[in-house]
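Welcome, and please get your viewer ready. We will go from one selection to the next and look at what is there.

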Amino acid sequence: MNGSRFLNSLIFKIIVAIVLGIVCSLFFPEWAGRVFATFNGLFSNFLGFFVPVLIFALIAPAIASLGQGAGKWLSVTAGIAYVSTIISGLIAYGVAEGLYPSLLGNESMIEAKDIDEGALAPFFSVEMDPPLGVMSALLLAFTVGIAMASMRTEVLFKGAEELREVTMKVIESFIIPLLPFYIFGVFLTMGMNGNLKLTLSQFAKVLILAVLMTWVILALQYLLAGLFAQRNPFTALKNMLPAYFTALGTSSSAATIPVTLECTRKNGVSQSVADFVVPLCATVHLSGSMQKIALFAFSIVCMTGVDMTAGMALGFIFLLGVMMIAAPGVPGGAIMAAVGLLQSQLGFDEGQVALMIAAYIAIDSFGTACNVTGDGAIALAVNRLAKGELRREKQPA
């Protein structure tokens, strides 16, 4: 990523927003803090209104497109990608259960729940009731998407695709540009309320852990894929490094596809398999994103003292794996798709959601690089399955 591109990136804007929020919290007058508390309240309410729309508009056509002409290998590849994403989430849950009690200590960030109260209460608020609940939107998207796929309703499918484009336009042109101001307001408010130091000191450990765990996930993926495909996992992973570093620079799975294809073919994957698997996995394989979101979410659960059962955690992971499939190809798309679940399943408030967004985007490129590099492991597995079926078909009856 060159200098001018980095200066215009969302990651840079988020970093600036965090730094400015911390600095300004040291001298901003109360009325200025309340201005941003008001903005954050309005923006948060709009997100609550828009997220169910986003879920339906993105997931329904995604399911329909998977079903239209869905052959065996599409189902196999999508299934492997989903399982890989879920396993990543389960590992994150295991790590959180094992490490967070000692890593995060006995301190808490319970105070951060009330960042809009007291001296920095908003001047006013506007209620924005969502048209339907998050789970209702998810169920409706599944129902309509599966029906469109089975009935092959071209007109309705085209309309659903146009709705997805409109929704993505709202995300790209309205929500994403306002995110830095939202993040600035959150860190400003936390600083002025006196709970910023604790939050940052605790969450910094989680950021480092999340980066390390993306590397662990890649190592596991290639060990398993190498064992199944009878390839040296270390050589295969080494061949994928250009794709990894390209994704680090672009923070985009789609933009990295040409490099990912070249690296995948270098690992001995046939061109037909690579050309099919890599573009599909760029959309449906999100093990790195799952790892980050799960680790961040469970750290907040731990620090706020929420009593989260294993059932709650598993439900969150399995639903998140579905929702992220529809994540738009824009920076921070996966975390935006996860906002509804964070609020409905884990009870996160706007301050906690904003902290999740800031943390996710701050190391967004590492999650993307994990997603992209993991696509090569899935390609190895599918390539082995495809060769095995061809050999069976050639055998005489």
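Contact on this tour means heavy atoms within 4.5 Å, and helices are DSSP runs of H or I with at least four residues, numbered from the N terminus. You are looking at a predicted model, where local features need pLDDT of at least 70, side-chain atom pairs count only at pLDDT 80 or more, and totals for chains, interfaces and linings use all residues. Residues are numbered from 1 along each chain as its sequence is written, and side-chain values use heavy atoms, with hydrogens and water left out.

**Stop one: a helix pair**

Select residues 257-266, which form helix 10, and residues 271-284, which form helix 11. In helix 10, pick out Ile257, Thr260, Leu261, Thr264 and Arg265; they meet Gln271, Ala274, Asp275, Val278, Pro279 and Ala282 of helix 11.

**Stop two: Thr77**

Now select residues 72-103, helix 4, and find Thr77 there. Is Thr77 buried or exposed? Thr77 has a relative accessible area of 0%, so it is buried (under 20% relative accessible area; exposed is over 50% and partly exposed lies in between, with a 1.4 Å probe and protein chains only). Show its surroundings next: leaving aside residues up to four places away in sequence, Thr77 touches Phe276, Val277, Leu280, Cys281, Ile378 and Val382.

**Stop three: cysteines**

Select Cys263, which is buried at 3% relative accessibility. Then move to Cys370, also buried, at 0%. How many disulfides are there? Taking a disulfide as a pair of cysteine sulfur atoms within 2.5 Å, the count is zero.

Definitions and conventions:
Axes are lines fitted to C-alpha atoms, for helices over the stretch in contact, and angles run from 0 to 180 degrees between N-to-C directions. Helices (H or I, at least four residues) and strands (E, at least two) are DSSP runs, numbered from the N terminus.
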